[in-house]
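Here is a short briefing on one protein chain. Look at the structure first, then work through the points below.

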Amino acid sequence: MSRTGDSRPTVTAMLADGPLEGASIETEVFEGRPPKTIDVPFDDGRPCRYCLAEWVQTGSSAVYTFLYRV
C-alpha cells in the first residue's frame, strides 16, 4: 500500500481484461483492503466496472477483472 498526498492509503489496481486491459490506476483502500469493485472512467464518459480477481491479495497492487459498462 502507498499513501496519497492527504495520507489516505491506496493500492494500484491492475486491470486484467476488458476495454481497459493492461491499464492501472490508484484506488483508495477500504477497511484495510482493496475495494471489491471499482468504477474506472472510459473515453466515452461511461465508466467500466471491475471487480477483484481474487478475494485475497497482498502487497501494493491488486488484480481486477472486467464486469460490465456502467
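Leaving aside neighbours within four places in sequence, Thr-12 is in contact with Ser-24, Ile-25, Glu-26, Ser-60, Ser-61 and Ala-62. This is a predicted model. Thr-12 is one place to start; the chain as a whole comes next.

**Thr-12**
- Thr-12 sits in strand β2.
- Is Thr-12 buried or exposed? Its relative accessible area is 19%. Buried means under 20%, so Thr-12 counts as buried.

**The whole chain**
- The chain has six strands and zero helices.
- Read from the N terminus, its elements run β-β-β-β-β-β.
- The C-alpha trace spans about 30 × 25 × 20 Å along its principal axes.
- A compact globule of 70 residues would have a radius of gyration near 11 Å, and the 12 Å of this chain agrees with that.
- Of the 70 residues, 26% count as buried.
- The chain exposes about 4,600 Å², and carbon and sulfur atoms supply 52% of that area.
- Take the contacts between residues at least 6 apart in sequence: 35% of them join residues at least 24 apart.

**The aromatic pair**
- How many aromatic pairs does the structure hold? It holds one.
- The partners are Tyr-50 and Phe-66, with ring centres 5.5 Å apart. Their planes meet at 70°, so the pair is edge-to-face.
- Tyr-50 lies in strand β5 (residues 48-52), and Phe-66 lies in strand β6 (residues 61-69). The pair therefore ties together parts that are 16 residues apart in sequence.
- Tyr-50 is buried, at 0% relative accessible area. Phe-66 is partly exposed, at 26%.

**Pro-19**
- Where is Pro-19? Look in the loop between β2 (9-15) and β3 (24-28).
- Pro-19 is partly exposed, with 39% relative accessibility.
- Residues up to four places away in sequence aside, Pro-19 touches Phe-42, Cys-48, Tyr-50, Phe-66 and Arg-69. Both members of the aromatic pair, Tyr-50 and Phe-66, are thus among its contacts.
- Pro-19 and Phe-66 are 47 residues apart in sequence, but 7.9 Å apart in space, C-alpha to C-alpha.

- Which residues make the nonpolar surface patch? They are Leu-67, Tyr-68 and Val-70.
- The patch covers about 260 Å².
- Tyr-68 belongs to strand β6. Its relative accessible area is 41%, so Tyr-68 is partly exposed.

Note on methods
Residues are numbered from 1 along each chain as its sequence is written. This is a predicted model: local features need pLDDT of at least 70, side-chain atom pairs count only at pLDDT 80 or more; totals for chains, interfaces and linings use all residues. Side-chain values use heavy atoms; hydrogens and water are left out. Helices (H or I, at least four residues) and strands (E, at least two) are DSSP runs, numbered from the N terminus. Buried means under 20% relative accessible area, exposed over 50%, partly exposed in between (1.4 Å probe, protein chains only). Contact means heavy atoms within 4.5 Å. Rings of Phe, Tyr and Trp (its six-membered ring) pair if their centres lie within 6.5 Å; planes under 30 degrees apart count as stacked, over 60 as edge-to-face and the rest as tilted. Patches are made of residues with over 30% relative accessible area and no salt bridge: like charges are joined within 9 Å, nonpolar side chains (Val, Leu, Ile, Met, Phe, Trp, Tyr) within 5 Å. Accessible areas come from the Shrake-Rupley method with a 1.4 Å probe; for residues, only the protein chains shown count as cover. A salt bridge is a side-chain nitrogen of Lys or Arg within 4 Å of a carboxyl oxygen of Asp or Glu. The radius of gyration is taken over C-alpha atoms; the globule rule is 2.2 Å times the number of residues to the power 0.38.
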